[in-house]
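Work through the exercises below with the sequence and the model open. Each task is followed by a solution in steps.

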Amino acid sequence: MPGAGLSQPVFDYASPSLSKGCFTQSGLQLEAVASVNIFKQWWWDSRFVAQMHPVDVGRLGYERVVADPFLVDTYIRSEPYRHLGLLTGPGFELNRGQWWFARASLMAGLMQSKTPHQLHKPTYFMTGPEFFEISSAIDYAVAYGGELSAGWKLTPCYHLRLSASFLHTEMDFRFLTSGGIRTDNRRISTMNLTAGVVFLIPPH
């Protein structure tokens, strides 16, 4: 089942905090899900998930100016945060009518997260660099979450499906600095709303 929709950062991942936040905004989720009926109302789901969340560079720049007494202003260009995940887990069909169905699922798997490459052009009160870059960092970690979905049986061959899901993981991003390697721990949490089409193979 291919699907797409809104991905909303929550908790620390959306926080405008220089120490633990990521300054992320609403983004996009793409997914592909394959489900197999294993016993009566029980299903097993496997899915590929891709997420992208832009950075609120205006708020990020403001917080950097507030935190640095010598920084007058700063201009920031930033890529989005990107996440790729392979997850699997059981699903239970809550109810099934003639024209509709509902399901609750749990999922866990491996996720890759990539921080954005950023270009900073600061203006200092006295002297300072004209610009500096922050390179991307990548980490892999276990991700887990849950999903509630409902669908409408449009035809015997395909259904329309709407779902709401929550995903969480914790990453350790490592950056090489003049003082050595710095590790930034970030908790990645998202609420996701997606729509997709379910193709039945074989039809039933």
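**Exercise 1.** In this predicted model, find which exposed residues sit on the face of helix H1 turned away from its buried side. Then find which residues of H1 are buried, and what covers them.

Solution. 
- Step 1. Tyr62 and Val66 are the exposed residues carried by the face of H1 that is turned away from the buried side. Exposed here stands for over 50% relative accessible area.
- Step 2. H1 spans residues 57–67, and its buried residues are Leu60, Gly61 and Glu63. The cut-off for buried is under 20% relative accessible area.
- Step 3. Viewed down the axis of H1, the buried residues fall within an arc of 165 degrees, so they line one face of the helix.
- Step 4. An α-helix has 3.6 residues a turn, so residues three or four places apart point the same way.
- Step 5. The cover over the buried residues of H1 includes strand S4 (71–78) and strand S7 (118–124).

**Exercise 2.** Determine how many cavities of 30 Å³ or more the structure holds, and describe the lining of the largest cavity.

Solution. 
- Step 1. One cavity reaches 30 Å³ or more. The largest cavity holds about 30 Å³ of space.
- Step 2. Its lining is made up of Gln51, Met111, Leu167, His168, Thr169, Ile188 and Thr190.
- Step 3. Strand S10 (158–177) and strand S11 (180–199) are the elements that give two or more residues to this lining. S10 gives the most, with three residues.

Notes: Residues numbered from 1 in each chain as written. Predicted model: local features only at pLDDT ≥ 70, side-chain atom pairs only at ≥ 80, totals over all residues. Heavy atoms only, no water. Buried < 20%, exposed > 50% of the residue type's maximum accessible area, 1.4 Å probe, protein only. Helix = DSSP H or I, 4+ residues; strand = E, 2+ residues; numbered from the N terminus. Arc of directions from axis to C-beta. Contact = heavy atoms within 4.5 Å. 1 Å grid on protein atoms, 1.4 Å probe; cavity = no way out; pocket = protein on both sides within 12 Å on 5 of 7 lines; lining within 4 Å. Points joined across faces, edges and corners; volume = space filled by probe spheres on them.
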